[in-house]
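Visitor: I am new to this structure, and I would like to look closely at a single part of it. Please take me through that part slowly, and then show me what lies around it.

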Amino acid sequence: MSDLLQSVVSTKCWNFSNRTTTCNCGETHLKTNTGSIQSPGYPSNYPSNTVCKYLIEVDDGKRIELTFDDVNTETNWDNIAVFDVANDAAQQVKFVTGTTNPGPIKSSGNQMFISFISDSSGVRKGFKASYKTVTASFQNTQVVWRN
């Protein structure tokens with residue numbers, strides 16, 4: 001695991017109500033080719049002041065496709081952030097809040113990091129998402145044939 005990714009994964013979680021660092025639903029490192037993640041308590045309401053971290057890692061040379069099966073968070077206050085982790089860099093690719101399903105999200109590398117944070121007010125059902133491994137594709141590649 002790269003130093004940058006290690007620092008992202010090991011970053012302490014923040015509890016908004018008492019200003020302490022904790023991950024009250026844990027840190028999950030998934031290393032399977034298919035699987036799912038969900039907010040704590042799903043399909044019932046998630047608790048206030050929740051911080052969850054999920055790292056999905058598949059085989060080298062493969063990519064990840066994350067699909068939200070259900071999304072229902074407190075709009076603008078509780079959110080899901082999806083990061084593409086590739087080449088020792090993590091870049092946020094989606095910010096999900098409310099009930100809008102973002103559609104499938106594909107990674108450019110073999111790792112994806114997802115965080116879920118809720119504040120101290122309203123709670124909702126949360127989210128459920130599934131992921132699968134997809135074969136890397138060569139996009140924006142120009143092939144030149146020479147005789």
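How many residues does the largest nonpolar core have, and which of them have the most contacts inside it?

Guide: Before the answer, a word on what is shown: this is a predicted model, in which local features need pLDDT of at least 70 and side-chain atom pairs count only at pLDDT 80 or more, while totals for chains, interfaces and linings use all residues. Residues are numbered from 1 along each chain as its sequence is written, and side-chain values use heavy atoms, with hydrogens and water left out.

The largest nonpolar core has 21 residues, and those with the most contacts inside it are L66, F68, I80, V82, I114 and F127. A nonpolar core here is a set of buried Ala, Val, Leu, Ile, Met, Phe, Trp, Tyr and Cys residues joined through side-chain atoms within 4.5 Å, where buried stands for under 20% relative accessible area, exposed for over 50%, and partly exposed for what is in between, with a 1.4 Å probe and protein chains only. At least two residues of this core come from each of β5 (51-57), β6 (62-72), β7 (79-86), β10 (111-117) and β11 (126-135), and β6 gives the largest share, four residues. Strands, like helices, are DSSP runs numbered from the N terminus, a strand (E) having at least two residues and a helix (H or I) at least four.

Leaving aside its neighbours within four places in sequence, F127 is in contact (heavy atoms within 4.5 Å) with I37, Q38, S39, Y42, Y54, F68, D70, V71, I80 and F116. One of these residues, Y54, forms an edge-to-face aromatic pair with F127, at 6.2 Å centre to centre and with 90 degrees between the planes. Because Y54 lies in strand β5 and F127 in strand β11, this pair ties together parts that are 73 residues apart in sequence. Both Y54 and F127 are buried. Rings of Phe, Tyr and Trp (its six-membered ring) count as a pair if their centres lie within 6.5 Å, and the planes are called stacked when under 30 degrees apart, edge-to-face when over 60, and tilted for the rest. Five aromatic pairs are found in the whole structure, and ring pairs link Y46, Y54, F68, F116 and F127 into a cluster.

β6 and β11 also belong to an open sheet of four strands, which runs in the order β4-β11-β6-β9 with antiparallel pairing. Its edge strands, β4 (34-38) and β9 (105-106), each pair on one side only. Two strands pair if DSSP finds at least two bridges between them, and β6 and β9 pair in the antiparallel sense over two bridges. Here L66, one of the core residues with the most contacts, stands opposite I105 in β9.

The structure holds three salt bridges, each being a side-chain nitrogen of Lys or Arg within 4 Å of a carboxyl oxygen of Asp or Glu. In one of them the side chains of K106 and E65 meet at 3.6 Å, N to O, and this pair links distant parts of the chain, with K106 in strand β9 and E65 in strand β6, 41 residues apart. K106 counts as exposed because its relative accessibility is 56%, whereas E65, at 14%, counts as buried. E65 also forms a salt bridge with K132, the closest N and O atoms being 3.8 Å apart; K132 lies in strand β11 and E65 in strand β6, so parts 67 residues apart in sequence are tied together. K132 is partly exposed, with a relative accessible area of 41%. K125 forms a salt bridge with D70, with the closest N and O atoms 2.8 Å apart, and since K125 lies in the loop between β10 and β11 while D70 lies in strand β6, that pair ties together parts that are 55 residues apart in sequence. K125 is partly exposed as well, with a relative accessible area of 29%. Through shared partners, salt bridges join E65, K106 and K132 into one network.
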